[in-house]
Amino acid sequence: MPRITAPTVAEHRSRRRDELIQAATEELLESGVDAVTLARVGKRIGLARSSVYEYFNSATDLLAEIALGSFAEWTGEIERALAGSATASERLDGYIFTSLRLVAEGKHDVADALGGTRLPDYHRREVIELHVALMSPLRDAVDQMGVENPSLMVELIQGLVEAGSRRIARGDDYVRVARATISLVHSGLTPATGIDTAVGGTLAAAH
């Protein structure tokens, strides 16, 4: 029988489960998705493959836990960063800045490593729900600013954040990228009454 290393069996199992998730994350970042097997992950913490099955049914379940944990951590960071924001504009800027800071700190590495990993439907639904929660501060800020076509604006702003993330991944300073992104976003936001005159003229000329 495995030696219990915590005050209770429940705590022991919880710690062991966390250790397996951490070991799987390290394996993922070091060697990629295909390297995350129950045998290799168990070996990293001195646990036989048969014992790993007591915690996870498959490597896919382990990868799903990594994805869910990554989303939850990211969402928590965003929420804490925006807690003191008084206005919708401040929340928008905070969402952009914090998202890009987290990329610079390597918090997006797990998502990049997971790539297009296919998860079972029940896990995929959980990931979708967490993704919706992650984007809610951006959606709420844009809605409150009264811009025209807010759903479109949310997607375009997120696209700029993702483009900024790629620049940071290539070595650009995240503060500079964040400032440029925020400036670009605000220059493109227009009130619900209509689009900017200069932009409208450009569109009319194009037609």
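The model is predicted, so local features need pLDDT of at least 70 and side-chain atom pairs count only at pLDDT 80 or more, while totals for chains, interfaces and linings use all residues. Residues are numbered from 1 along each chain as its sequence is written, and side-chain values use heavy atoms, leaving out hydrogens and water.

Next, display the surface. The protein chain exposes about 11,900 Å², of which carbon and sulfur atoms supply 53% (Shrake-Rupley method, 1.4 Å probe). Of its 207 residues, 36% count as buried (under 20% relative accessible area, 1.4 Å probe, protein chains only).

Now select residues 121-144, helix H7, together with residues 150-169, helix H8. Their axes, which are lines fitted to C-alpha atoms over the stretch in contact, come within 9 Å and cross at roughly 130°, on a scale from 0 to 180 degrees between N-to-C directions. That makes H7 oblique to H8, the class left once angles under 35 degrees (roughly parallel), over 145 (roughly antiparallel) and 65 to 115 (roughly perpendicular) are set aside.

Finally, show the side chains at this contact (heavy atoms within 4.5 Å). H7 contributes Met 135, Leu 138, Arg 139, Val 142 and Asp 143; H8 contributes Pro 150, Met 153, Val 154, Ile 157 and Gln 158.

Definitions and conventions: Helix = DSSP H or I, 4+ residues; strand = E, 2+ residues; numbered from the N terminus. Buried < 20%, exposed > 50% of the residue type's maximum accessible area, 1.4 Å probe, protein only.
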